[in-house]
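Subject: Structure handover

Hello,

Here is the structure we talked about passing on. Please open it alongside this message.

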Amino acid sequence: MSRIDNALNIEDLRKIARKKLPTPLFSYIDGGSDDEVNVRGNTHAFDQAKLIPEYLIDVANIDISTKVLGRDISMPLILSPTGMTRLFHHDGETAVSKAAAEAGTYYSLSTVGATTIEDVAAACSGPKCFQIYVMKDRGLTREFIQRCKDAKFDALTLTVDIPVASNRERELRYGFTMPPKLNLAGMAGFAARPGWVYRSLTHPQPKLANVAHKIPAGSSQSTSLMEYIANQFDPSVTWDDLAWMISEWGGPFAIKGILSPADARKAVDTGVSAIMVSNHGGRQLDGALSAFEALGPIVDEVGGECEIICDGGIRRGTHVLKALARGATACSMGRPYLYGLAAGGQAGVTKALELLRAEITRDMGLLGCRNISEISGKHIT
């Protein structure tokens with residue numbers, strides 16, 4: 001029996017991932033900005049809220065399916081975009097997207113992913129979303145949108161909470177920067193995981209696949225790609241850019257990184273289909289609201305006018321139910337499936353999804369709800 005088969009929860013998968021990954025890579029998944037107050041606070045906010053169950057209800061049949069961004073999904077939990085996923089396992093985005101498709105839920109590919117839009121489309125038969133940043137090169141942004149149309153992606157998400165780079169001290173401590181400049185501590189971290197190093201050397205090296213063609217011919221160095229993408233993030237992005245992208249895409253469109261009710265109102269007025277309430281997993285502005293703390297006021301402002309997805313801090317099925325009770329349409333997660341990927345490739349991602357699906361189903365029965373629509377504010381305090 002493999003170790004992932006013995007995992008009882010997401011924390012078990014995290015522990016396996018920690019033992020398998022070089023320290024700089026595990027720190028990249030696990031860490032955040034500054035003092036990492038938000039990394040801890042995202043989950044803590046869920047734990048502080050309390051559920052109110054109701055009993056003597058027939059819960060013999062429980063349906064956890066719902067609809068997000070135009071697609072029916074099997075559970076109210078989707079996979080957030082994460083950058084350079086192939087760093088954590090050589091099958092990377094392909095493995096994650098296949099696991100998501102098999103689970104019947106959305107997979108989101110990052111602009112800074114290590115697999116192309118086209119390859120993910122070929123591998124993933126389920127709902128697919130591309131997470132996009134507005135680049136200084138507007139032609140590249142337009143190209144991304146057209147490629148997603150051609151590859152029949154279902155939705156786009158614009159991430160807006162990176163106007164400038166944050167201070168991620170765990171990464172700096174090991175020299176795991178963009179581009180990488182590993183110091184002795186970073187090199188020692190890799191040397192301590194010879195299994196990962198061997199697999200890395202015997203598989204194609206990760207690169208920022210969707211912008212590789214922007215690097216001069218003859219150069220395939222990942223550092224060149226990273227330097228390119230780091231210089232491409234545009235700090236001058238405005239709501240006009242969002243309106244332009246929505247118009248260019250013409251389909252379901254989410255905005256990710258909203259914590260303010262005022263910004264939520266602007267997003268709805270600009271025409272988004274969904275708002276992903278998120279603080280980027282605690283990797284940007286430390287000390288900001290957690291997604292769960294921001295959720296209620298945003299629901300009060302725009303609930304019923306667009307879908308609202310709570311992103312960040314999910315570790316248990318009860319966390320998902322608490323977000324739904326506060327008015328979320330669904331939740332999204334990043335670190336839990338990355339732990340699974342690092343622990344066991346596609347099978348590890350599947351394990352993470354199976355664990356959370358089982359928890360959501362069981363916890364709905366314990367809460368006294370037979371389907372997602374029955375979960376409401378009366379179930380939380």
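Below is what was found in it, element by element.

One thing first: the model is predicted.

**Helix H2**

Start with H2, residues 23-30. This helix is mostly covered, with seven of its eight residues buried. Those are Pro24, Leu25, Phe26, Ser27, Tyr28, Ile29 and Asp30. What does the covering? Helices that cover the buried residues of H2 include H1 (10-20), H3 (37-48) and H7 (169-174). H8 (184-191), H9 (194-201) and H15 (335-367) also take part.

**H11 and its two partners**

H11 spans residues 239-249.

H6 covers residues 138-150. The axes of H6 and H11 are 10 Å apart, and the packing angle is about 30 degrees. The crossing is right-handed. From H6, the residues in the contact are Arg138, Thr141, Arg142, Ile145, Cys148 and Lys149. From H11, they are Asp241, Trp244, Met245, Glu248 and Trp249. By class, this contact of H6 with H11 holds five nonpolar, one polar and five charged residues.

H12 runs over residues 261-270. Its axis comes within 10 Å of that of H11, and the two cross at roughly 35 degrees. H11 passes H12 in a right-handed crossing too. Here H11 supplies Trp239, Leu242, Ala243 and Ile246. H12 supplies Asp263, Lys266, Ala267 and Thr270. The contact of H11 with H12 divides into five nonpolar, one polar and two charged residues.

**Strand E10 and its neighbours**

E10 is residues 330-333. Which strands pair with E10? E3 (residues 77-79) does, in parallel, through three bridges. Leu79 has Met333 of E10 as its bridge partner. E9 (residues 307-311) also pairs with E10 in the parallel sense, again over three bridges. There, Ile309 stands opposite Ala330.

Now the side chains. In a regular strand they alternate between the two faces of the sheet. In E10, Ala330 and Ser332 point one way, while Cys331 and Met333 point the other way. All four are buried.

**Cysteines**

**Lys256**

Is Lys256 buried or exposed? Lys256 lies in strand E7, residues 253-258. Its relative accessibility is 5%, so it counts as buried, since buried means under 20%.

What is Lys256 in contact with, leaving aside its neighbours within four places in sequence? The list has Pro81, Thr157, Leu158, Thr159, Val160 and Asp161. It also has Met276, Ser278, His280 and Asp311. Two aspartates, Asp161 and Asp311, are among these contacts. Asp311 falls in E9 (residues 307-311), the strand that pairs with E10.

Best wishes

Terms used
Residues numbered from 1 in each chain as written. Predicted model: local features only at pLDDT ≥ 70, side-chain atom pairs only at ≥ 80, totals over all residues. Heavy atoms only, no water. Buried < 20%, exposed > 50% of the residue type's maximum accessible area, 1.4 Å probe, protein only. Contact = heavy atoms within 4.5 Å. Axes fitted to C-alpha atoms, helices over the stretch in contact; angles between N-to-C directions. Left-handed = near helix turned anticlockwise from the far one by under 90°. Nonpolar A, V, L, I, M, F, W, Y, C, P; charged D, E, K, R; others polar. Pairing = 2+ DSSP bridges.
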